[in-house]
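Welcome, and let's walk through this structure together.

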Amino acid sequence: VAQLAQQPVDRVPRGISAAAFARLREQAAMQLQTRETGKLAWRIRDKGVDYRSRGLALLPPPSRLDVFYDIEGFPYAEDGLEYLHGATTIEPDGALRFHDWWAHDEASEKRAFEQFVDWAWQRWQEDPAMHIYHYAGYERTALSRLSIKYASREFEIDQFLRSGVLVDLFTVVRQGMVIGAPSYSLKEIEKLYLAPREGDVVSASGSVVEYQRWIDSGESSDWRESPILSAIRDYNRVDCESTAHLRDWLLERQREAEWHWQPLDTGDESTDAVERERGPRELLADQLTARAVSLDGEEQRVT
């Protein structure tokens, strides 16, 4: 990292563009600065020609009904299991309130998914400026997968995706900031605005291990009666609260940099009743397109 950070900017290695090398070199320099100072280094990216559709421009104004969302999944169950939908909201007095929906088998997975979507849908109907904030693409992908798996709430998920209701703060951070951390995971980024985490579960991989431990333990499926599930719930709650604090921190950076949100142009057809007649192939195509991740504007892939 130190060698890359100190490499002359005009000494571009073979097989890489000058622009890509400059980005890598700057990232290394920021990580080196963090090492030397002991304080997480960061800066707002310079505005490029496409800045109006990237980075901090993707961050909408706040709504009193905004949702900060995180899913816990267990990949080792047959067909996978999204066993916890967690969401934090902001009360009128500014306090954070946590909501959770649990599932330990397919029947309850479908029910928890539907209950969360119905709850979020009702909030969106009450305030069309409401958004669901998450970090990285797992939540978007999981919601799409569950709607197809259970042939349920396809219209609502399709409308969320088409209307830009889901806001991925990882994309905002990656495109809008340079941060001197070895990873842009939420646990690394939150060092900018939160104290270090404590507790038995402090990572997504840790929650998978703990859920397997719960399966083997024979403890109650009610988190109130299970110390293991209670610890997982606390981890998920902190993730949701961290996402809320990150959104607020990014809004401050957006104002400082004088970047302005660009609302998604959904056209006139997004609420047309014809949309309810879309078949599964069309829905899947839309959801795959929504999951496409832009790589420096040169190519796209679905992850």
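A nonpolar core is a set of buried Ala, Val, Leu, Ile, Met, Phe, Trp, Tyr and Cys residues joined through side-chain atoms within 4.5 Å, where buried means under 20% relative accessible area with a 1.4 Å probe, protein chains only. What you see is a predicted model, in which local features need pLDDT of at least 70, side-chain atom pairs count only at pLDDT 80 or more, and totals for chains, interfaces and linings use all residues. Residues are numbered from 1 along each chain as its sequence is written, and side-chain values use heavy atoms, leaving out hydrogens and water.

The largest nonpolar core has 30 residues, and among those with the most contacts inside it are Tyr-135, Leu-169 and Leu-250. Two or more residues each come from α6 (169-176), β7 (177-179), α7 (186-189) and α9 (227-257); helices (H or I, at least four residues) and strands (E, at least two) are DSSP runs, numbered from the N terminus. The most is given by α9, with six residues.

Apart from this core lies another, of 27 residues, including Ile-71, Ala-112, Ala-142 and Phe-160.

Now look at α3 (residues 106-126) and α5 (residues 154-162), whose axes come within 10 Å and cross at roughly 50 degrees. Axes here are lines fitted to C-alpha atoms, for helices over the stretch in contact, with angles from 0 to 180 degrees between N-to-C directions. Contact means heavy atoms within 4.5 Å. Phe-113 and Trp-124 of α3 are among the residues that make the contact, as are Phe-155 and Phe-160 of α5.

Methods. Buried means under 20% relative accessible area, exposed over 50%, partly exposed in between (1.4 Å probe, protein chains only).
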